[in-house]
Amino acid sequence: MESANVVEPKGRAMAQTTVEGVEGVEGVQGLVGQQLGSSDWVEITQEQVDRFADATGDHQWIHVDPERAARESPFGGPVAHGFLTLSLLPMLMPQIIDTRGFRMGVNYGTEKVRFPAPVPVGSRVRASATLDSATPFDGGVQMAITVTVEVEGQSKPAMVATSISRRYV
């Protein structure tokens, strides 16, 4: 296992935890119980929220009407959809863990998703992750990772979920 905290030329952080090909399933199993790292901070914009609303059909005013949200919302302004926060994981997780030496990986599902605190538009979020289990199956390994998304400056997390993925050798 190799751990890196290096920034690529384009400004995107490389994965903080890397499992090299020769380690394969055993390398992943060796990470069980470990904090894998944190992603870069990402700003949540109103444009992002509006585009997510268009994609999902969820145009609730607390997300897409900044003036009304400022007047009537208990959050003081517009907030991101919870599922938008969840949908950031495919972008944020490769910054945390890079599992090399596998043919492919798939999202197998998500368990225990919770949204304890709102994500105000204009705030910055990042993900951190801990590998809960790495269970071999015929042809690969199934990984359960607890992912926490925090909002910069807030003590309560915006999202906590167990992400299940499969890596195939």
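Let's start with a pair of charged side chains: Glu150 and Arg126 form a salt bridge, and their closest N and O atoms are 2.7 Å apart. Glu150 belongs to strand E8 and Arg126 to strand E7, so this pair ties together parts that lie 24 residues apart in sequence. A salt bridge here is a side-chain nitrogen of Lys or Arg within 4 Å of a carboxyl oxygen of Asp or Glu. Helices (H or I, at least four residues) and strands (E, at least two) are DSSP runs, numbered from the N terminus.

Before going further, a word on the model: it is predicted, local features need pLDDT of at least 70, side-chain atom pairs count only at pLDDT 80 or more, and totals for chains, interfaces and linings use all residues. Residues are numbered from 1 along each chain as its sequence is written, and side-chain values use heavy atoms, with hydrogens and water left out.

Back to our first pair. Glu150 is partly exposed, at a relative accessible area of 25%, and Arg126 is also partly exposed, at 24%. On this scale, buried means under 20% relative accessible area, exposed means over 50%, and partly exposed is in between (1.4 Å probe, protein chains only).

The structure holds five salt bridges. Another of them joins Glu152 to Arg124, with 2.8 Å between the closest N and O atoms. Glu152 sits in the loop between strand E8 (140-151) and strand E9 (159-168), while Arg124 is in strand E7 (residues 124-137), so the pair links parts 28 residues apart in sequence. Glu152 is partly exposed, with a relative accessible area of 39%, and Arg124 is partly exposed at 33%.

Arg68 and Glu72 meet through their side chains in a salt bridge (3.2 Å, N to O). They are four residues apart in helix H4 (residues 66-72), so about one helical turn separates them. Arg68 is partly exposed at 30% relative accessible area, and Glu72 is partly exposed at 43%.

Now let's turn to some buried residues. Ser39 lies in the loop between strand E3 (35-38) and strand E4 (42-43). Its relative accessibility is 6%, so Ser39 counts as buried. Contact means heavy atoms within 4.5 Å.

Thr85, in helix H5 (residues 82-87), has a relative accessibility of 3% and therefore counts as buried. Beyond residues up to four places away in sequence, Thr85 touches Ala80, Val119, Val149 and Met159.

What about the nonpolar interior? A nonpolar core is a set of buried Ala, Val, Leu, Ile, Met, Phe, Trp, Tyr and Cys residues joined through side-chain atoms within 4.5 Å. The largest one has 34 residues, of which Val28, Leu36, Ile44, Met93, Leu131 and Ile145 touch the most other members. The elements giving two or more residues to this core are helix H1 (24-29), helix H2 (46-56), H5, helix H6 (89-92), E7, E8 and E9. E8 supplies the largest share, six residues.

Apart from its neighbours within four places in sequence, Val28 is in contact with Val19, Thr99, Phe102, Leu131, Ala134, Val141 and Met143.
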